[in-house]
Amino acid sequence: MMDTLHDVLAPFGPQAGHVHALWMLTLAVCTLVFAAVLAALLIALLRAGRSNAQSAPDLSALGRPEPGRRHGVIAAVAASTLLLLALIAASIFTDRALAKLSTDGALRLEVTAHQWWWEVRYVEPQVADTFITANEIHVPTGRPVIVTLKADDVIHSFWVPSLAGKKDLIPGRTTTMNFRADREGAYRGQCAEFCGSQHALMAFFVVADPPERYEAWAAAQRRPAADPPPGQPLRGREIFMRSSCAMCHAVDGTSAQAVRGPNLTHVASRGTLAAGSLPNTPDDLKRWIADPQQIKPGTYMPATQLSSEDMDALVGYLQTLR
Amino acid sequence: MDQPRHTPASHLKDGPGRGSREAAALDATWRDPPGLMGWLAAVNHKSIARRFIVTTFGFFVAGGLLAFVMRLQLARPGSKLVGPDLYNQLFTMHGSTMMFLFAVPVMQAVTIYLLPLMMGTRSVAFPRLNAFAYWIFLFGGLMLYVVFFLGAGPDVGWFSYVPLAGPDFSPGKRTDFWAQMITFTELSALVEAIVVITTVFKLRAPGMTLNRIPLFAWAMLVTAFMILFAMPSVMLASTTLITDRLVGTHFYNPAEGGDAVLWQHLFWFFGHPEVYLIFLPGLGFISAIIPTFARRPMFGYTAMVLSLIATAFLAFGLWVHHMFAVNLPELGKSFFTAASMLIAIPSAVQIFCWIATLWSGRLNFKTPLLFVLGFFFILVLGGMTGIMLASVPLDLQVHDSYFVVAHLHYVLIGGAVFPLFGAFYYWYPKITGRMMSERLGRWNFWLFFIGFNLAFFPMHLLGLRGMPRRVYTYQAGLGWDTLNLVSTIGAVVIALSALLFVINAVRSLRRGALAGVNPWGAGTLEWATESPPPPCNFYAIPVVHGREPLWQGPRAVAEGGAPAFTHVSGLAADTREVLATTVLDARPDLRVNFPDPTIWPLVSALAVTALFLGSIFTPWAVVWGSIPIAIALTAWFWPRHSETAVHLSLERKP
Amino acid sequence: MTAATLRLAGTAVLALACAMAMGGCEREMRRFETPPDNRASPHPDAPRTSALQPAEPRGDPVRQPAGNGEGYEGNAYNVAQGKRLYRWYNCAGCHAQGGGGMGPALTDDQWRYGSEPAQIFSTIMQGRPNGMPSFGGHLSEDQVWQLTAYVRSMSGQLKKDVAPGRADSLQANEPEAARDREPARPGTK
């Protein structure tokens with residue numbers, strides 16, 4: 001499995017960084033208040049005398065005001081109010097800081113969430129340069145990213161804890177979120193809105209590369225799949241086209257252009273399979289293709305029943321799709 | 001039915017105490033008829049409340065067992081104990097049970113028992129409607145569990161977001177059963193709210209002015225008003241969901257002009273006040289327990305009342321904080337941040353007033369007080385995480401993660417369940433006549449407190465480390481393994497503590513020390529009568545002179561120095577006659593004839609159940625199902641000669 | 001409350017509950033496992049009767065149906081999957097939302113090649129002359145049975161509580177659950 005980061009308390013971009021700062025402030029204030037309330041309670045428990053059910057109740061307070069106590073309560077409420085107002089202000093300032101992320105020269109992505117995988121379209125100024133991938137997003141470090149968020153079926157939520165807060169993807173609505181990854185690394189994200197049987201295994205990765213490595217990756221992604229070498233991989237492509245694979249998956253450069261499942265043109269270049277559920281190894285790929293229900297019960301991908309030679313050929317072909 | 005023969009112009013009036021002819025007549029009048037039919041036809045508030053409390057507690061145990069299985073599944077990564085379909089049903093049933101079948105109903109059930117005793121009267125208002133509310137609740141809850149046990153439980157979360165819960169993505173009738181359960185339970189809650197409001201306003205002992213009623217009664221009054229305004233929103237939501245699924249309306253279909261976010265607004269407009277419906281009664285319990293165990297009246301009564309009211313109003317202005325991740329205008333969201341933070345202020349007022357009361361009191365460290373102290377720790381911690389979640393940027397990181405699961409359990413269990421357990425230990429002697437075991441009570445408390453923190457504190461960290469909610473499994477190596485295991489161990493400890501409670505409650509029924517009238521030395525009126533109370537609650541209606549009637553007694557003779565009245569008498573002893581008083585000053589106002597036990601609330605509830613169940617399958621059930629309901633309601637209201645004869649004679653010769 | 005009355009009450013409740021939900025067990029089941037394709041079909045394989053196939057054509061014959069689609073038509077999850085597959089695999093391209101166009105209507109009572117589940121299964125697997133592609137080998141049999149169940153719901157053949165409700169899309173016609181049952185009439189239009 002990819003070695004990844006996914007921690008609200010380990011921010012690697014400005015958006016997550018602003019939230020982290022607010023978190024530290026709020027944690028400090030809340031801990032202080034909690035400790036103060038508990039201390040007051042503890043002192044009250046320790047200094048109050050003891051009694052039992054027969055002890056006469058103290059009715060002296062009836063009709064006579066208790067100025068000392070009243071001032072104490074008022075002071076405590078006033079202090080709490082001031083602290084709350086401060087936290088409200090801090091929250092609003094953080095909101096503003098988040099909104100001020102510069103989007104000059106931003107990379108534009110369109111993420112469409114499906115049950116239970118992520119479709120990612122890179123929107124380029126030249127339409128011919130647009131490419132589609134799935135479940136693994138590469139971005140250059142230090143460059144802002146504007147992600148347009150759509151949902152194909154039910155509500156999902158795009159959440160990469162180390163980079164930014166989440167945003168819901170709602171059918172019928174289009175929205176955007178911005179972030180920037182400042183450090184190289186692989187940041188794990190996961191769907192954060194209950195979306196059905198396989199909500200639990202709907203992860204994705206944001207891989208931040210230095211700009212040159214990103215450009216190399218993007219150039220490779222733009223290229224259609226090369227013809228596989230003759231022999232087993234070529235036979236694997238035939239199997240791909242003639243089995244149920246081509247009914248849902250696209251491989252650019254072939255006649256398989258369906259959009260119901262993840263685009264597989266460069267599937268071998270990804271670190272994981274099945275929305276982060278499996279490492280991308282031949283054995284895992286075989287297990288997944290042979291019976292997806294064993295790994296993600298409820299998934300819409302049907303089982304593909306092939307002889308072991310045919311399965312080897314198919315997987316061999318898929319491995320050429322870098 | 002074994003009722004005394006009604007003779008017109010009866011001479012027996014209430015007033016004399018136990019042992020007299022009048023007291024025997026009162027007992028015969030107010031007790032339930034014998035046998036199975038008598039049990040089904042009972043309308044005495046204590047009978048209804050006892051079975052209501054037991055039923056809600058049964059749902060609590062069921063919901064807890066569901067959660068226990070969930071925790072077993074999540075104890076290890078990649079566990080195959082429970083698959084996704086069953087897990088989704090488990091967490092949907094757990095949430096729905098706890099929110100709709102336990103948390104709000106149990107508070108109403110306890111109120112239905114206590115309120116007339118606290119107010120110094122013989123019945124709740126509308127006793128037959130009260131019985132109807134119980135039956136409707138029971139049938140709705142049973143329906144949900146029958147469906148679950150048959151493998152068709154709802155599986156889209158207790159909040160049932162569309163489009164996942166819509167006709168396209170939730171095939172079959174699972175979600176329809178959930179939506180109809182909402183209809184059952186919200187009807188029950190609305191009816192009980194009407195009963196509570198009317199009881200508090202009109203059925204108080206003479207002299208119990210509105211600013212002398214116990215803080216618990218204020219909490220339940222405010223809660224009841226909140227129910228009136230909040231429940232219609234979810235009833236509308238669930239009804240539109242049913243019509244979308246059953247007859248093809250387009251409320252939630254974006255392609256035809258609907259909007260998935262409409263559901264969220266309608267649901268959370270109810271859903272946020274819902275948690276305050278659960279929280280406010282808990283505050284009422286605390287306000288009842290602390291004065292008794294601090295041996296002094298509550299500090300800051302007026303501030304407490306105003307805080308309850310302020311909380312109720314503010315609670316309706318917070319709902320969008322459940323929707324911060326939706327693309328709504330940012331400025332609007334900031335308003336809800338401010339409101340969500342400011343609602344902490346009235347709660348803070350209450351906390352500080354309680355601390356002030358404890359500070360200046362003399363403490364009796366019995367089990368009810370222990371649970372109150374547990375409340376302070378857990379609820380305040382939950383309130384702190386609530387402040388964190390109120391901020392939009394912070395929420396956008398931890399929304400829909402285990403951080404929220406931790407928060408909600410800290411505030412709901414800390415804010416409502418701990419006070420509820422304290423209340424059980426406090427009022428168990430009154431209800432049953434026996435004391436619960438103090439030793440078992442302490443074990444119960446400490447196991448619950450430790451188990452709870454062990455189970456739920458790690459969830460804060462899990463959320464911060466990226467673990468989303470509502471996941472049936474997770475992969476190894478993400479840093480979530482150990483925390484999940486610790487949480488499951490905590491769940492085991494909680495289960496043990498619940499078991500201890502049940503053992504304590506059952507054993508003490510036979511073996512507990514006899515409680516006597518006022519074992520805690522408390523000051524409110526329910527402690528003025530026997531334990532358990534006689535069927536008529538009080539043989540003579542007390543007159544109240546202060547906020548703590550038993551502590552102040554008839555000493556309050558401020559006006560003129562003449563001795564004050566202690567009781568009023570003159571209500572009929574051989575028919576169910578109740579004294580209604582004015583709203584503000586509780587001056588005697590009306591003598592109202594309350595109904596005898598009758599089977600028609602149960603029959604009406606069955607008829608309504610048939611309509612609700614039928615309308616899951618066909619819209620025509622609404623038409624045809626109305627006929628049995630009309631018949632049942634007609635029979636319900638049809639006057640009976642014997643009753644009318646007695647009422648007329650009482651009008652002529654009161 | 002005697003023990004006898006409690007027992008009686010308990011039995012009544014249980015009976016009522018079972019009766020009420022008996023239709024529900026099969027309807028609500030969700031089987032998240034891959035059913036084995038009917039390797040043991042008693043019938044020999046059948047030839048494809050259409051030259052059209054999706055993606056790239058296969059040369060092999062298709063399997064005949066084993067059984068008449070038991071377990072699919074009474075199960076709401078399978079019918080809903082069929083509805084999804086109808087959309088995913090663009091059946092509407094020829095059959096529209098059931099009203100037909102290039103292909104015949106599926107909502108009416110005319111069934112050129114038979115309306116039984118096994119017959120519809122064969123139609124999908126083998127294809128038919130004049131345009132119906134042969135999907136055998138390109139879809140799993142589980143998927144074809146799901147499609148079959150959905151197709152039958154389009155003419156109101158399924159029970160009302162199993163048939164799908166409205167889709168989250170533009171509405172072309174009433175939800176399948178609201179359609180009256182069209183009795184099958186074989187023969188050409």
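# Notebook: chains A and B, predicted model

I began at the strand pairing across the two chains: S1(A) and strand S1 (residues 362-363) of chain B run parallel and are joined by 2 bridges. I take two strands as paired if DSSP finds at least two bridges between them. Helices (H or I, at least four residues) and strands (E, at least two) are DSSP runs, numbered from the N terminus. In this pairing A:Arg50 stands opposite B:Leu363 in S1(B).

This is a predicted model, in which local features need pLDDT of at least 70 and side-chain atom pairs count only at pLDDT 80 or more, while totals for chains, interfaces and linings use all residues. Residues are numbered from 1 along each chain as its sequence is written, and chains are lettered from A and ligands numbered from 1 in the order in which they are written.

**Contact between the chains.** I looked up the contact, with two residues in contact if their C-beta atoms, placed from the backbone, lie within 7 Å. It takes 76 residues from chain A and 77 residues from chain B. On the side of chain A that touches chain B, helix H1 (14-47), strand S1 (49-50), helix H2 (67-99), strand S8 (167-169) and S10 each supply at least two residues. H2(A) gives the largest share, 15 residues. I find that this side of chain A divides into 40 nonpolar, 23 polar and 13 charged residues. Here Ala, Val, Leu, Ile, Met, Phe, Trp, Tyr, Cys and Pro count as nonpolar, Asp, Glu, Lys and Arg as charged, and the others, Gly among them, as polar.

**Open sheet in chain A.** I read the strand order as S5-S11-S10, an open sheet of 3 strands with mixed pairing. Strand S5 (136-140) and strand S10 (185-190) of chain A are at the edges with a single partner strand each, so one side of each has no neighbour in the sheet. Neighbouring strands are turned by 25° against each other on average, direction ignored. Axes are lines fitted to C-alpha atoms, for helices over the stretch in contact, and angles run from 0 to 180 degrees between N-to-C directions. S5(A) and strand S11 (residues 203-209) of chain A run parallel, joined by 5 bridges. A:Glu136 has A:Phe205 as its bridge partner in S11(A). Helix H3 (residues 211-222) of chain A packs on this sheet and touches S5 and S11 of chain A, its direction making about 135° with that of S5(A).

**Hairpin in chain A.** I counted 2 residues between S2(A) and S3(A), which form a hairpin. The two strands run antiparallel with 7 bridges, and A:Arg108 stands opposite A:Val123 in S3(A). I placed A:Trp116 in the loop between strand S2 (107-114) and strand S3 (117-123) of chain A. The peptide bond from A:Gln115 to A:Trp116 is cis, with omega near 5°.

**Chain B.** I note a mean pLDDT of 94 for chain B, with 97% of its residues at 70 or more; pLDDT is the predictor's confidence in each residue, from 0 to 100. I found a bend of about 30° in H19(B) at B:Ser626, with a proline, B:Pro628, following within four residues. The bend at a residue is the angle between axes fitted to the seven residues ending there and the seven starting there.
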